[in-house]
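Work through the exercises below with the model open. Try each task before you read its solution.

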Amino acid sequence: MADLVSHSDEVKIVSRRFGQGAANLDRYLELDGYKAVQKALSMQPDDIINLVKNSGLRGRGGAGFSTGMKWSFVPKTAPKPKYVLCNGDESEPGTCKDRLIFEHDPHSVIEGVMIAALAVGSQAGYIYIRGEYRYLSNIMQKAIADAYARGFIGKNIFGSGRDLEIYWHGGAGAYEVGEESALMESLEGKRGIPRIRPPFPAVVGLWGGPTVINNAETLASVPHILLGGAEWYAGLGTPKNGGTRLFCLSGNLNKPGVYELPMGYNLKKMIEEVGGGIANGRKLKAVVPGGSSTPVLLPNEIDVAMDFDSVAKAGSMLGSGGVVVLDDTTCMVKFALRTIKFYQHESCGWCIPCREGTDWLKKTLTRFHHGAGQKKDIDNIQYLAENMLGRTFCPLGDAAAMPTIAFVKKFRQEFEDHLDGKPCPYEKNVAEPALA
Amino acid sequence: MADVNITVDGKAVKTPAGTLLIEACKSVGIEVPSFCYYPNLSLQGACRMCLVKVEKMPKLQTACTTVVAEGMIVTTDSDEIRQARKGMVELLLGNHPLDCPVCDAGGECELQDMTFSYGAAESKYIEPKNHREEQQWSPVVFFDRPRCILCYRCVRVCNEGMDVAALGVQNRGVSSIIAPNNEDHLECEECGMCIDICPVGALTSGSYRYKTRPWEMNHVGTVCTHCGDGCKTTLGVRRADTGMEIVRGDNRDKSGINNDFLCIKGRYAFDFANHQDRLTQPLIRKNGQLTPATWEEAFELIGKKFSAIREKDGGQAIGVIGSNHTTNEENYLLQKFARVVLGSNNIDHHRTADFPAFAAALRGRANATASMRDVYNAPAVLLIGNDPTEKHPLLAWQIRSNVRLHRSRLYVVNSQPIKLRRQAAGFQLIPAGAEGAFAAFLAGEDAALASLGGSKDGWTALRDKLKTEENLVIVFGSELREGDITALVKFGSAVPGAKFLALADYANSRGAADMGLYPDLLPGYLPVAEAGKFHQEWGGIPSAPGLSLPEMAESAKAGKLKALYVVGANPIARFGIDPFVFSKSFVVVQDMFLTETAVIADVVLPAANAYEKSGSVTNTSGDLQLVKKAGEVTGTKGDFEMIVRIADAMGFDVRQLVPFGRGTRADMGQTRGAQSGEADRHAVWLEANGLELKMSPFDPMAILDEIQRLVPGYNISRLALLSGNDQQTNFAASGPAVAQKPELIVPAADGLFRSGTLGRYSHTLHSVMENKDRQPSEEVAAD
């Protein structure tokens with residue numbers, strides 16, 4: 001279990017019950033648990049949706065789509081059952097926030113799923129948890145069982161006459177399944193490959209029924225919005241970027257950890273103050289602002305507000321909140337290789353550009369980092385990534401291509417330093433085999 | 001649905017709403033490349049080759065998954081698009097072995113074509129390619145992963161098209177691999193659809209691989225000679241020491257009633273033609289031994305013997321048995337030869353369905369027979385008896401495709417839980433032999449319920465439901481005979497637009513029946529006693545019915561039948577006749593092999609098979625199609641020529657038998673079977689200009705004229721037939737019912753991998769069966 005950190009700039013909303021034993025249902029109830037869903041039961045579905053819309057809550061999984069808007073796309077009536085899915089397949093390197101929610105506040109996820117279900121008129125929800133989070137599954141399963149035991153979920157919830165079933169489902173170890181339609185395939189017991197869209201999940205989703213799928217942090221935020229109100233939540237962040245989010249600070253920092261900060265918090269300040277600055281007195285070299293798939297930022301680019309729109313303007317993405325900080329001892333070629341290795345391993349293989357492209361990038365970067373690179377390889381790496389960008393079946397290809405292009409563009413000199421059989425300037429001994 | 005207007009590359013395109021963009025482009029001649037898109041299979045969007053620019057969309061879109069929308073403006077060719085496609089080809093070639101010089105697909109490979117179109121000649125990679133060893137999945141299916149581009153066509157056609165699901169995808173990412181769902185081997189129908197649908201050389205066939213280059217073959221479009229469904233197949237033919245060798249069968253041009261479908265027989269089981277036991281010399285029995293002889297000796301002997309017997313004992317002392325595999329022209333000629341030259345109605349064949357009863361029931365009704373195309377298009381299908389998956393693979397494919405693509409409703413009534421029940425909206429299990437009772441129940445005879453089992457309400461509900469269907473196609477097996485068929489047709493009259501289809505077992509079973517290989521029926525099921533126009537054309541022919549096949553054996557046993565002439569049949573084996581009953585008769589057999597019947601013959605003539613001759617055949621649903629000659633095996637002759645030569649040797653005026661070259665000009669010479677797989681253009685041209693095709697007494701086209709003129713139901717468009725189309729014949733003007741003995745109908749014991757004598761001499765079918773037999777006892781070794 002990870003140690004919790006804190007900082008005075010934090011605004012604790014999603015994380016307010018962290019470290020307080022809220023996985024225990026009684027404790028959760030003491031901490032205002034299940035009040036929001038009881039309030040939601042007294043509201044009209046459209047009012048819930050509008051409240052969430054007005055709060056400015058945007059998807060915390062990475063794409064940043066308006067949550068209320070997403071809910072409003074679900075048809076009011078449908079011939080097939082409607083579903084609410086909680087995407088807990090947190091797998092993006094650098095991102096480690098949902099796990100804390102599952103560990104410290106599992107009932108908030110259940111409550112979020114319930115409110116979403118009430119908003120869209122669904123009677124079944126699934127909480128899908130990454131396969132590698134086995135120890136969290138136990139916590140989550142117990143939370144669901146406890147909620148059933150009290151009659152909070154199941155038949156006639158809170159005596160309202162409404163039925164709502166909630167199920168837990170574990171992944172089998174695939175990053176790709178974090179993509180919403182691949183998650184549905186996985187949930188249906190099939191290979192985890194994405195679906196053709198349209199139709200979008202709001203119309204045709206799980207088992208062919210209209211489906212709302214939200215990130216765990218997004219859903220865990222919803223009960224707080226219901227209790228605190230849309231205006232209060234929206235006011236915490238910047239325009240169109242309501243509320244707070246969990247930022248996962250990692251890398252060469254003095255105080256890495258998960259911090260809940262208002263949307264739009266300055267990245268430079270986040271690194272220097274919240275994260276305690278670069279460890280061991282080294283200099284900052286680069287920052288990956290939103291998980292490994294987001295383009296890297298240089299030290300002169302980090303004076304940026306951490307909300308979806310500002311980071312996009314700066315040429316990267318807010319993504320899933322994984323801020324990876326690199327100091328000047330980092331070999332960017334090796335970092336690029338490490339990044340692409342992940343995507344090569346996790347590509348589902350469905351479409352040509354992602355399947356073949358990530359493999360060739362890995363092969364080329366491996367050789368390159370080993371010191372057997374040629375000058376044209378640098379262009380080839382960029383060419384290869386550009387051929388993938390925007391042309392793959394799902395965003396995984398983009399997730400591999402975008403950072404790669406940024407590494408080559410922003411650190412070309414460093415790539416050139418690896419040429420002509422020179423050993424990696426950052427390592428005396430190259431541990432990577434020439435050909436994996 | 002309403003039409004939608006879009007613009008593609010500046011062209012205005014009007015297309016029905018719901019059309020896929022890739023199809024809309026195709027409709028105006030703009031080809032958008034693709035690997036994974038395949039019409040009638042589920043969409044994948046995996047190969048990313050069909051990327052096009054759709055205005056207002058930030059990224060390139062896949063044309064194969066985009067549905068047209070009003071006002072859509074599309075660009076299919078630009079620098080950006082070409083680069084995207086080139087990029088895909090580069091990536092594919094990166095791990096591709098580039099063994100095109102030895103690859104089966106070389107020269108007809110979609111990856112080669114794409115490379116040619118988009119130019120990815122230079123590899124940007126210097127790392128070793130990923131490699132995997134080749135695998136053999138069955139006697140006929142091999143898989144070479146390095147060549148595979150993962151378009152998933154094979155998986156889909158097996159799953160969606162065949163309803164077999166023998167293939168799947170294993171692993172992920174760059175390790176993804178197509179794999180049998182059953183460990184290391186296929187448990188399937190061995191249809192080979194996966195091989196033909198493969199755009200590259202990843203899936204190759206056991207019978208064809210590494211045999212030839214595609215451009216070294218002649219490609220001949222003809223009709224499969226195995227079951228009664230009549231699939232078009234394109235044979236790949238090479239020269240060989242024996243004259244020719246067929247090395248491949250496929251229907252990649254999607255011509256004919258079967259689109260791209262073929263089963264194992266059509267795709268691989270042509271190898272009987274080059275079997276080592278094939279007869280290539282006439283044999284004459286001398287001193288009790290069959291001894292090689294010349295054709296002249298053989299014909300002279302037969303002519304002399306047949307003439308002598310006819311003079312001395314009359315035509316009734318000679319029996320003739322025809323074939324289910326020979327062409328309509330040969331069958332027509334054979335019965336004409338029997339009746340006119342020999343003066344005998346003793347002619348019969350191996351019957352596998354009660355066509356006389358069927359024809360009589362539909363007499364006077366136009367458009368009452370269902371074609372194979374109807375089975376694919378009908379809104380509802382009722383199947384009584386038979387197991388099409390085993391015995392009529394194309395029919396099964398048509399039904400499955402109809403259900404899958406058109407949401408047709410299938411009703412199955414069978415004594416076995418046949419595989420097609422999986423597509424059925426309703427399936428009713430009945431006791432074996434109760435098919436007729438079901439027909440009677442449908443016709444309103446509620447007493448028949450007693451033999452059906454189950455609840456009365458259930459059966460009544462089914463009957464009521466069927467009555468509400470429109471354009472219902474009623475398909476029935478040979479379990480239904482005589483009165484059963486009459487009852488079924490009576491029921492069908494109450495269903496608007498209902499059509500019928502009777503299932504018979506061999507390639508030209510229907511043609512043999514239509515052409516009058518019956519002792520009591522002339523062509524078109526006209527009774528011999530009322531010969532009418534045939535009397536006028538042919539002069540006097542005997543009006544008393546002749547002997548049926550078992551009666552000929554009885555007659556021979558009694559010493560009355562002095563001669564037996566068997567053309568392409570094996571009655572000794574099929575009917576279990578004691579061969580010694582013919583020991584006093586003069587027996588002539590025309591066959592490919594020394595069958596159980598041929599070994600007792602006095603003269604054996606080596607015959608060509610259906611792949612070595614031209615003519616026409618009629619499939620079980622009455623679709624008339626042209627067969628084309630793929631080549632000759634040295635030393636054999638077609639049955640048509642042999643019949644004419646025997647008539648000639650008997651001193652008969654051949655012109656009376658085959659009306660060839662009658663007073664017309666045909667200065668372009670005789671048509672040869674087209675060797676290109678396309679329409680016989682020369683014949684089409686001649687026909688269109690009112691010129692005659694026939695210059696030789698051995699030309700089957702010469703007698704097709706007479707068939708079309710005299711045989712009811714065969715007056716179809718000759719132009720359409722010669723162009724390679726199927727033409728539906730009908731029973732509207734057939735003769736009235738003549739009571740038949742139902743016990744004379746003996747269904748073939750064939751299945752998916754069995755095909756009578758032809759199957760017996762097919763190495764491929766044997767290898768598949770042996771492999772299947774072995775599997776249950778063999779333990780799969782643990783890794």
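**Exercise 1. A residue and its neighbours**

Which residues does Thr389(B) touch, not counting residues up to four places away in sequence?

Solution. The model is a predicted one. Start with the location: Thr389(B) sits in helix H11 of chain B, residues 388–391. Next, list the contacts. Thr389(B) touches Glu189(B), Ala396(B), Lys419(B), Leu420(B) and Leu752(B). Last, check the accessibility. Thr389(B) has 7% relative accessibility and counts as buried.

**Exercise 2. A lysine in chain A**

Find the helix that holds Lys269(A), then state what the residue touches beyond four places in sequence.

Solution. Lys269(A) belongs to helix H11 of chain A, residues 267–274. With residues up to four places away left out, Lys269(A) touches Asp9(A) and Val274(A). Its relative accessibility is 34%, so Lys269(A) counts as partly exposed. Now take a C-alpha distance. Ala305(A) is 36 residues from Lys269(A) along the chain, and their C-alpha atoms are separated by 9.6 Å.

**Exercise 3. The interface**

Describe the interface of chain A and chain B by contacts, buried area and polar pairs.

Solution. Step one is the contact count. Chain A puts 33 residues in contact with 37 residues of chain B. Step two is the area. The two chains bury about 3100 Å² between them, and 55% of it is on carbon and sulfur atoms. Ile352(A), Trp360(A) and Arg391(A) supply 23% of the area that chain A buries against chain B, more than any other three residues.

The rule finds three salt bridges across the interface. Arg172(B) and Glu346(A) form a salt bridge, with their closest N and O atoms 3.1 Å apart.

Step four assigns elements. On the side of chain A that touches chain B, helix H13 (332–346), helix H14 (352–372) and helix H15 (375–388) of chain A are the elements that give two or more residues. H14(A) gives the most, with 10 residues. By class, this side of chain A has 12 nonpolar, 12 polar and nine charged residues.

**Exercise 4. Cysteines**

How many disulfides does the rule count over all chains? Explain the case of Cys96(A).

Solution. The count is zero. Take Cys96(A): the closest cysteine sulfur is in Cys248(A), 4.1 Å away, which is too far for a bond. The cut-off is 2.5 Å. Cys96(A) is partly exposed, at 27% relative accessible area. Now take Cys25(B). It is in no disulfide, and the nearest cysteine sulfur, that of Cys50(B), is 9.5 Å away. Cys25(B) is buried, with a relative accessible area of 0%.

**Exercise 5. Salt bridges within a chain**

Solution. Begin with the total: the rule counts 75 salt bridges over all chains.

- First pair. Arg27(A) is partly exposed at 27% relative accessibility, whereas Glu30(A) is exposed at 57%.
- Second pair. Glu160(B) is in helix H4 of chain B (residues 153–161) and Arg404(B) in helix H12 of chain B (residues 393–406), so the bridge ties together parts 244 residues apart in sequence. Glu160(B) is partly exposed at 23%, and Arg404(B) is partly exposed at 24%.
- Third pair. Arg463(B) lies in helix H14 of chain B (residues 456–468) and Asp446(B) in the loop between helix H13 (435–442) and H14, so the pair ties together parts 17 residues apart in sequence. Arg463(B) is buried at 9%, while Asp446(B) is partly exposed at 33%.

Finish with a network. Shared partners in salt bridges join Glu108(B), Asp196(B), Arg248(B), Asp250(B), Arg252(B) and Arg267(B) into one network.

Key. Residues are numbered from 1 along each chain as its sequence is written. Chains are lettered from A and ligands numbered from 1 in the order in which they are written. This is a predicted model: local features need pLDDT of at least 70, side-chain atom pairs count only at pLDDT 80 or more; totals for chains, interfaces and linings use all residues. Side-chain values use heavy atoms; hydrogens and water are left out. Contact means heavy atoms within 4.5 Å. Buried area is the accessible area (1.4 Å probe) that two parts lose on being put together, summed over both. A salt bridge is a side-chain nitrogen of Lys or Arg within 4 Å of a carboxyl oxygen of Asp or Glu. A polar contact is a pair of N or O atoms within 3.5 Å; within protein, one must be able to donate a hydrogen and the other to accept it, and residues adjacent in sequence count only if both atoms are side-chain atoms. Helices (H or I, at least four residues) and strands (E, at least two) are DSSP runs, numbered from the N terminus. Ala, Val, Leu, Ile, Met, Phe, Trp, Tyr, Cys and Pro count as nonpolar, Asp, Glu, Lys and Arg as charged, and the others, Gly among them, as polar. Buried means under 20% relative accessible area, exposed over 50%, partly exposed in between (1.4 Å probe, protein chains only).
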